[in-house]
Amino acid sequence: MTELSFEEHLNSGNALVEQAQQAATTDFQRARALWQEAGKHFYLAHQADLNHTEAAFRLAQAWMAEAYALQKEDSANALLMWSNAAAQCELAFDLDPENGRIAMTAASCHHFSGEHDAAKAWKQIGEHLLQDAQAAAQQAREDA
């Protein structure tokens with residue numbers, strides 16, 4: 001049996017997330033299991049290409065889904081999982097340091113983990129980058 005490629009793991013993870021989102025409204029436990037399985041695929045995709053931003057960020061998102069599930073169950077492990085998701089967002093941001101969306105996601109993760117100073121700092125970075133991106137898009141429209 002051959003190992004799945006980076007792209008295959010990423011696609012499998014994305015398909016599982018889609019299934020989880022559909023299941024979440026009727027069967028949260030099933031959705032949680034699907035998110036966990038998706039996270040495994042994103043982890044393997046990230047391991048296959050440590051320099052690929054999307055794989056790193058999708059892994060962070062999978063951990064966010066798990067953190068949310070733990071939080072919903074009032075688990076003490078929720079804060080740790082939010083911290084893990086924040087760290088993974090930071091890793092994804094290191095790969096794409098102009099991505100305001102990733103910075104804002106890191107801010108959210110830090111907020112939910114109780115790391116309010118880090119959340120504030122990441123929010124400021126994200127807002128700055130998103131404003132720059134919006135200004136660049138506006139300039140491009142005016143130049144067109």
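How many residues does α2 have, and how far does α2 reach from its first C-alpha to its last? Helix α2 has 21 residues and reaches 30 Å between those two atoms, close to the 30 Å expected at 1.5 Å a residue; the expected span of a helix is taken as 1.5 Å times one less than its number of residues. The structure is a predicted model, in which local features need pLDDT of at least 70 and side-chain atom pairs count only at pLDDT 80 or more, while totals for chains, interfaces and linings use all residues. Residues are numbered from 1 along each chain as its sequence is written, and side-chain values use heavy atoms, with hydrogens and water left out.

The overall picture is a helical one. The secondary structure of the chain comes to 6 helices and 0 strands, where helices (H or I, at least four residues) and strands (E, at least two) are DSSP runs numbered from the N terminus. From the N terminus on, the order of elements is α-α-α-α-α-α. Along the principal axes, the C-alpha atoms fill a box of roughly 50 × 40 × 30 Å. Of the 144 residues of the chain, 39% count as buried; buried means under 20% relative accessible area, exposed over 50%, and partly exposed in between, with a 1.4 Å probe and protein chains only. Among contacts (heavy atoms within 4.5 Å) with a separation of 6 or more, 55% join residues 24 or more positions apart.

Axes here are lines fitted to C-alpha atoms, for helices over the stretch in contact, and angles run from 0 to 180 degrees between N-to-C directions. The crossing of α2 past α3 is left-handed, meaning that the near helix is turned anticlockwise from the far one by less than a right angle, clockwise being right-handed. On the α2 side the meeting residues include W35, G39 and F42, and on the α3 side they include L59, A62 and Y68.

G39, in helix α2, is buried, with a relative accessible area of 8%. Leaving aside neighbours within four places in sequence, G39 is in contact with L59 and A62. The C-alpha atoms of G39 and L10, 29 residues apart along the chain, are separated by 9.7 Å.

Attention now turns to α5. The 13 residues of this helix (residues 100-112) should span 18 Å at 1.5 Å a residue, and its end C-alpha atoms are 19 Å apart, which agrees. At the start of α5, a side-chain oxygen of N99 reaches to within 3.0 Å of the backbone nitrogen of R101. After the helix comes G114, whose phi is positive, near 85 degrees. The buried residues of α5 are G100, I102, A103, T105, A106, A107, C109 and H110, and they pack against α3 (53-72), α4 (78-95) and α6 (116-143).

Two of these partners can be described by their axes. The axes of α3 and α5 come within 11 Å and cross at roughly 25 degrees. That makes α3 roughly parallel to α5, and α3 passes α5 in a left-handed crossing. Here T53, F57, Q61, M64 and Q71 in α3 meet R101, I102, T105, C109 and F112 in α5. T105 counts as buried at 13% relative accessibility; beyond four places in sequence, T105 touches F57, M64 and C89. With α6, by contrast, α5 packs at about 160 degrees with the axes 7 Å apart. The pair α5 and α6 is therefore roughly antiparallel, again with a left-handed crossing. Residues meeting there include A103, A107 and H110 in α5, and W122, I125 and L129 in α6.

The loop between α5 and α6 holds S113. This residue is buried, with a relative accessible area of 9%. Not counting residues up to four places away in sequence, S113 touches L79, W82 and S83.

Note on methods
Polar contact = N/O pair within 3.5 Å; in protein donor to acceptor, adjacent residues only side chain to side chain. Parallel < 35°, antiparallel > 145°, perpendicular 65-115°, else oblique.
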